[in-house]
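Biologist: I have a model open and a few questions about it. Can we go through them one at a time?
Modeller: Go ahead.

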Amino acid sequence: MFEALRALPADPILKLMVQCRNDPNPLKVDLGVGVYKNEQGHTPIMAAVREAEQKMLSSQTSKVYIGPAGSELFNHHIAGLLLGYDHPTIKDNRLVSAQTPGGCGALRVAAELINRSAPSATMWVSDPTWANHVPTFSAAGLTTATYPYYDNAAKEIRFDSMLATLEEAKEGDIVLLHGCCHNPCGADLNQQQWQTIADLLLRKNLIPFIDIAYQGLGDGLDEDAYGLRLLANQLPEMIIASSCSKNFGLYRERTGAVMVISASADASKVTASNLMNVIRSNYSMPPAHGASIVETILDDSSLTQMWKQELNDVCVRINDMRARLSQQIAATGCQTDFSFIPKQKGMFSFLGVTPEQVHQLRDDYSIYMVDSSRISIAGLNPHNIDYVAEAISSVVKA
Ligand code: LMR
C-alpha cells in the first residue's frame, strides 16, 4: 500500500541542521536552527534546570499518568508568566490551559479545536512566518491565507498593508500573531500597532491566535507579553500557543502550553471539554518531565530568580551579537547597510542577501543559514563573528 506515497522534500530548517552537523570544516558556523548557543558554541542546560531536575528526582515517587491537561501547577505558572497571575480571565474562569508536547503540540491541538468549532474559518498568517506554521495548520484541516508583514527592502513592518489585508478577513477568521521576537524576521509590532490591531480584531470580530515561543528573549518577560496581555484585556476570545523550548532551554523535553480564552465561564467549560477530547485523540497525555522542571523552578522563588538571571544573560548575549555583527560588517568597508540588525528582536533576522549568496556562504565558508537568509543570531560568538562578518562582506561585495 505504501507505493501510493510520494517522497516529500525535507523540512528546510531540519535539513540544514543535518548538513551542518555533517560538515567537517572546523570553521563551520551554524546560523540555521533556532537553538541558543553560548560563547563556546554549545547549547547548555540552564543551572536552574539542573537544580530543579535534582530536586525533582529526589522527591518524585511515581510515574503515574498526568491526564490530558498535564500538570495543573505547570498550567498555573505558565498562565501567570504569560498573562500575569491575577489576570481577570483566570479569576473569571474564562481561561482553559493544557500542557502540550512543545509549542508545536500547542499549535496543532489549537488548530484542531478551531477546525471543530469553525471549519470554514481562515487562518491568517504573516508573510513571512515560521516554516512549520502552514504545514501544521493545513494538517489539522484549516485553510490558511497570508497578510503582508515584513518589507525586505525597507527592513520594517508593512503595517498599512497588513491592516488593509486584514480588513478583507471575514467575521470569525483567526489571525495568527507572533507574541514577540518574530520568527523569521525579528521585527515586532510596537505598542501603538498592537492597539490598532486590537481595535481591528474587535471591530471585525476576528479571533487572535498568539504564538509566543520566545518570551524573555526580546525585551524581558513582561515586556515581551505586552501585546498578548493587551489583546487578552480587550477581546472576548483568544488562543495562545507557548513554548518552553527556548526560554528554559528544554528543546528535546517537548514542553509547551495551549491556552484558550472563551467569552464566558460557561463557554469555557465547553471549550475545555473539547480541548481535552482533541488531546486525548491525538497523543492522550503530554510527557511529564519538562513541565515538572518548569513548575519546580517557578514554584520556588530562588530557582525563579536564578532562571530569570540566566534568561537575561541569554538575551544580553544575543543583543550584543546583533550589535557586533552590524559593526564588524561595517568595519570591513562593506557598503551594504546592516544597521537594522541591532534594532530587531530575539533569535532571528533576515540578512537580506539573495539565495545565491546564501549558497555561496554555505559552499565557500561553511556558514549555514536558511535560504531565505534567516540567521539565528545565537550561533554567533566572539570566536566566529569576524569570520562571519568578513564572509558576508565579501559575498555581498562580489
Ligand atoms: C526554528 O525556527 O529554527 C525553531 O523554531 C526550530 C524549529 O523547530 O524549526
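Biologist: In which sense do strand β7 and strand β8 pair?
Modeller: This is a predicted model, to begin with. In it, β7 (residues 174-178) and β8 (residues 207-212) pair in the parallel sense, over five bridges.

Biologist: What is the bridge partner of I174 in β8?
Modeller: I207 is the bridge partner of I174.

Biologist: And what is the strand order of the open sheet?
Modeller: The order is β2-β10-β9-β8-β7-β3-β4, seven strands with mixed pairing. β2 (95-100) and β4 (143-148) are at the edges with a single partner strand each, so one side of each has no neighbour in the sheet.

Biologist: By how many degrees are neighbouring strands of this sheet turned against each other?
Modeller: On average by 20 degrees, with direction ignored.

Biologist: Which strands does helix α3 touch?
Modeller: Helix α3 (residues 72-83) packs on the sheet and touches β2, β8, β9 (238-243) and β10 (256-261). The direction of α3 makes about 115 degrees with that of β2.

Biologist: What about helix α10, which strands does it lie across?
Modeller: Helix α10 (residues 226-234) lies across β7, β8, β9 and β10. Relative to β8, α10 runs at about 155 degrees.

Biologist: Changing topic. What does the domain assignment give for the protein chain?
Modeller: The assignment gives domain 1 (10-46 + 304-397) and domain 2 (65-299). Their centres, taken over C-alpha atoms, are separated by 27 Å.

Biologist: How many residues of each are in contact?
Modeller: 26 residues of domain 1 are in contact with 24 residues of domain 2. On the domain 1 side, the elements giving two or more residues are α1 (12-22), α13 (301-331) and β11 (348-350).

Biologist: Now the ligand. Which residues are around it?
Modeller: I13, V33, G34, W130, N132 and N183. That shell has three nonpolar, three polar and no charged residues.

Biologist: Last one: what does UniProt list for residues 28-392?
Modeller: An unreviewed UniProt entry lists "domain: Aminotransferase class I/classII large" for residues 28-392. Over that range the chain is 45% helix and 15% strand, and the end C-alpha atoms are 14 Å apart.

Key
Residues numbered from 1 in each chain as written. Predicted model: local features only at pLDDT ≥ 70, side-chain atom pairs only at ≥ 80, totals over all residues. Near = placed C-beta within 6 Å. Nonpolar A, V, L, I, M, F, W, Y, C, P; charged D, E, K, R; others polar. Pairing = 2+ DSSP bridges. Helix = DSSP H or I, 4+ residues; strand = E, 2+ residues; numbered from the N terminus. Axes fitted to C-alpha atoms, helices over the stretch in contact; angles between N-to-C directions. Contact = placed C-beta atoms within 7 Å. UniProt positions renumbered as here; feature names shortened; annotations may be inferred. Domains from an automatic or database assignment.
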